[in-house]
Structures are given as structure tokens and as C-alpha cells.
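Visitor: Could you take me through this model, one question at a time?

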Amino acid sequence: MAVQGQQTPAVSHSDGSSNYGGGLKYGTGMGSPDLYQYLVEHSYRPNQHLDALHEESMKQGRRGMCSPPDSIPLLQMMVKLTQAKKIVEVGVFTGYTALGMALMLPEGGVLHACDISAEYPAVGQPIWKAAGVADKISLHIGPATDTLADLLAAEGEGTFDMGFIDADKANYDSYYELILKLLRPGGVVLVDNVLWNGSVLKTTAVDADTRGIQAINDKIFKDDRVDICMLPVSDGVTIVRKK
Ligand SMILES: C[S@@+](CC[C@H](N)C(=O)[O-])C[C@H]1O[C@@H](n2cnc3c(N)ncnc32)[C@H](O)[C@@H]1O
């Protein structure tokens, strides 16, 4: 899959920084675009449904919201390693990462996919169906803090194997706390965009997204309820394992 040149529309922040674009969307943590291309070519094994959904996603107005291909092998590996049967994703967009994870779920497994809008998930739904995983994805539309609280009430604490946080950064702390409750001991939550296109280095950042990412990174680093590993995959992903 060719990934070079897939520039995404920049989202400008009040402090002048930009994310989801501006040329660094792919491989924030990588030394060069060529090295990033090499990494994708040697880790992302093409899948016709994932490729079709990625292509559709790149046609959307907010295409920069779609995770890059190197996030897929990481998410899929975590589904396998945790032997996940129950997953929650916060932030669906067109459902590219949801599809990647759902493809790894065993029979009877379920991925609860939470988004505030049904508009973009509708792009992915026919492809979920074609891939044979539509019945494994339960889509919840509404503010994710409400959805996660509802899931906690309905399913109970310690009932999930895995989570993925990839929505509005200002609410990351709430998503993290709610998902930690949902996870069983040994369960993992992956936190996306933890390098935020390099903006985490801006100590004077005032925008809510950058501050939200900086705050959750600081908090997770000191959190003795969990084991952690921050990776320069995609835009930075922290793997958090509940003790
Ligand atoms: C970066 S995109 C998710 C991308 C997706 N994980 C993928 O790579 O295929 C972020 C998504 O979070 C959703 N979102 C933003 N604020 C939200 C909120 N308060 N509650 C639930 N979803 C929200 C947006 O609608 C958007 O679809």
C-alpha cells in the first residue's frame, strides 16, 4: 500500500499548531517518509476490505481522521495477544480501525464502537458487512462519556478485554478512567495520538486537545494501576495494561 504523499487536511489550533495533517500525519515517530513506507510494507499485510475502507476514507472531507495503516497490525496483534472477546473503541470515524480489530475477533466476540456522529460510520458499514463482521460491531451513537457510563452500568466492571481511545483529546482522561473500570485485570487499552504530531513538546500550548494529550501522558506515566509502553507507531500509541 502506497502511503507516501497521502497528505491530509490540517486542523489548525489556536496556538498555530496543526494536527491530522500538515505533512506529518504518517509516522510522527519515524525518521523519514521512506523508512515509514518500509515499515508499512513490512508490517501491514494487505486485506481487500481494509484497503477498500481506507480508500473510501481518503475520499471523505475529514479524511485526516482515519488512522494510518501501521496502526492496524498493532491493534490486531493486541486483540490476539489478549485473546479479546469484548472490545470498546472510542472514536470510529469510518470504522477503519474498528474493522481491523473486528476481523480478529473470535465467534461471539463483540466490539462496541462509540462515536458522537453516525455520518462517517455509515461509510464503513457496507464494508463491515462485506467483510463478514457487521454482526460483531455494535455501534453506539452519542457522547462517548455517556456511552461508556451506560456500558459500565449494563455490562459491569472488569468485563472487557481491550479498549482503544481515538476521539476528542480533551476528554481522554474521562475515557481512560471509564475504560479502566470496564477492563478486566490484564486487559489493555491503547491510547492514540499520544505524540500529537510533535505538539506534545509545546510546553506553552493552550489548545484543549494538546493539553488533554499532555495531561493524559503525564497521568499514565505516573499511574501505578497500570503497566505502560509508549510506541512511535502511527501518531504515537501508548499500550496500557491494567494490573
Ligand atoms: C480520529 S477519529 C477516529 C478514527 C478511527 N479510530 C479510525 O482510525 O478509523 C475521531 C472520532 O471521534 C469522534 N468523536 C469526537 N468527539 C466525540 C465524543 N465526544 N464522543 C464520541 N465520539 C467523538 C469523531 O466523530 C470522530 O469520528
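Guide: Two strands count as paired if DSSP finds at least two bridges between them. The model is a predicted one.

Visitor: With that rule in mind, which strands form the edges of the open sheet?
Guide: Seven strands with mixed pairing form the open sheet, in the order β5-β4-β3-β6-β7-β9-β8. An edge strand pairs on one side only, and this holds for the strand at residues 137–141 and the strand at 226–231, namely β5 and β8.

Visitor: At what angle do α7 and α8 pack?
Guide: Helix α7, residues 172–182, lies across β3, β6, β7 and β9. Its residues Y172, D173 and Y176 meet G212, I213, A215, I216 and K219 in α8, and by class this contact has five nonpolar, one polar and two charged residues. The axes of the two helices are 9 Å apart, and the angle between them is about 35°.

Visitor: Which elements give two or more residues to the shell around the ligand?
Guide: The ligand has 19 residues around it, of which S67, G91, F93, Y96 and A167 come nearest. By class, this shell has eleven nonpolar, five polar and three charged residues. The elements that give two or more residues to it are α4, residues 96–102, and β4.

Methods
Residues numbered from 1 in each chain as written. Predicted model: local features only at pLDDT ≥ 70, side-chain atom pairs only at ≥ 80, totals over all residues. Helix = DSSP H or I, 4+ residues; strand = E, 2+ residues; numbered from the N terminus. Contact = placed C-beta atoms within 7 Å. Axes fitted to C-alpha atoms, helices over the stretch in contact; angles between N-to-C directions. Near = placed C-beta within 6 Å. Nonpolar A, V, L, I, M, F, W, Y, C, P; charged D, E, K, R; others polar.
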